[in-house]
Amino acid sequence: HYALYALLIGAVISGVVLQFARGNALPLFGLMEIPSPWPANRAFSRNVKEMHELLANSLVVFAGLHAAASLFHHWILGDRTLVRMLPRRGG
């Protein structure tokens, strides 16, 4: 779980840094924009883009493995791990 959270936070932060490294403003839900704190830097933005892609792809892989592990527990091992994660029914 910690790896998933770390990758999620890292991907978001690297995405923000990438936007700024390109010299672009960061839009906030169409309400406002945060201007880039530094000028565009092509070499730096390429490096940040590679890091962002690595973090995002790793996040997808780890999330898929996490989902596969829960299904393995449910169908192969037959334990109640997946059932315990479901919300309780009212009543």
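This is a predicted model: local features need pLDDT of at least 70, side-chain atom pairs count only at pLDDT 80 or more; totals for chains, interfaces and linings use all residues.
**Exercise 1. Helix H1**

Task: Find what span helix H1 should have at 1.5 Å a residue, and compare the span with the distance between its end C-alpha atoms.

Solution: 
- Step 1. H1 runs over residues 2-21, which is 20 residues.
- Step 2. The expected span is 1.5 Å times one less than the number of residues, so H1 should span 28 Å.

Task: State which residues of H1 are buried, and what covers them.

Solution: 
- Step 1. Leu4, Leu7, Gly10, Ala11, Ser14, Leu18, Phe20 and Ala21 are buried in H1.
- Step 2. Their cover includes strand E1 (26-28), strand E2 (32-34) and helix H2 (42-77).
- Step 3. Just after H1 comes Gly23, which has a positive phi of about 85 degrees.

**Exercise 2. Ser14**

Task: Decide whether Ser14 is buried or exposed, and name its contacts beyond four places in sequence.

Solution: 
- Step 1. Ser14 belongs to helix H1.
- Step 2. Its relative accessible area is 8%. Buried means under 20%, so Ser14 is buried.
- Step 3. With neighbours within four places in sequence left aside, Ser14 is in contact with Val48, His52 and Leu55.
- Step 4. The side chains of Ser14 and His52 are joined by a polar contact of 2.9 Å.

**Exercise 3. Helix H2**

Task: Describe the length of H2, its buried residues and its two ends.

Solution: 
- Step 1. H2 has 36 residues, and the distance from its first C-alpha to its last is 51 Å. This is close to the 52 Å expected at 1.5 Å a residue.
- Step 2. Ser45, Val48, Leu55, Leu59 and Ser70 are buried in H2. The buried residues of H2 pack against H1 and helix H3 (81-85).
- Step 3. At the start of H2, a side-chain oxygen of Asn41 comes to within 3.3 Å of the backbone nitrogen of Ala43.
- Step 4. After H2 comes Gly78, with a positive phi near 70 degrees.

Task: Locate Ser45 and list what its side chain reaches and what Ser45 touches.

Solution: 
- Step 1. Ser45 is part of helix H2. Its relative accessibility is 10%, so Ser45 counts as buried.
- Step 2. The side chain of Ser45 reaches the backbone oxygen of Arg42 at 2.9 Å.
- Step 3. Apart from neighbours within four places in sequence, Ser45 is in contact with Leu18, Ala21 and Arg22.

**Exercise 4. Charge and surface**

Task: State how many salt bridges the whole structure has, and where the partners lie.

Solution: 
- Step 1. Side chains of opposite charge can pair when their charged atoms come close.
- Step 2. A search of the whole structure finds one salt bridge. Glu53 forms a salt bridge with Lys49, with the closest N and O atoms 3.4 Å apart.
- Step 3. Glu53 and Lys49 both lie in helix H2, four residues apart, which is about one turn of the helix.
- Step 4. Glu53 is partly exposed, at 37% relative accessibility. Lys49 is also partly exposed, at 36%.

Task: Name the residues of the nonpolar surface patch of about 570 Å², and classify Phe72 by its accessible area.

Solution: 
- Step 1. The patch is made by Leu71, Phe72, Trp75, Ile76 and Leu77.
- Step 2. Phe72 lies in helix H2. Its relative accessible area is 41%, so Phe72 is partly exposed.

How values were computed:
Residues are numbered from 1 along each chain as its sequence is written. Side-chain values use heavy atoms; hydrogens and water are left out. Buried means under 20% relative accessible area, exposed over 50%, partly exposed in between (1.4 Å probe, protein chains only). Contact means heavy atoms within 4.5 Å. A salt bridge is a side-chain nitrogen of Lys or Arg within 4 Å of a carboxyl oxygen of Asp or Glu. A polar contact is a pair of N or O atoms within 3.5 Å; within protein, one must be able to donate a hydrogen and the other to accept it, and residues adjacent in sequence count only if both atoms are side-chain atoms. Patches are made of residues with over 30% relative accessible area and no salt bridge: like charges are joined within 9 Å, nonpolar side chains (Val, Leu, Ile, Met, Phe, Trp, Tyr) within 5 Å. Accessible areas come from the Shrake-Rupley method with a 1.4 Å probe; for residues, only the protein chains shown count as cover.
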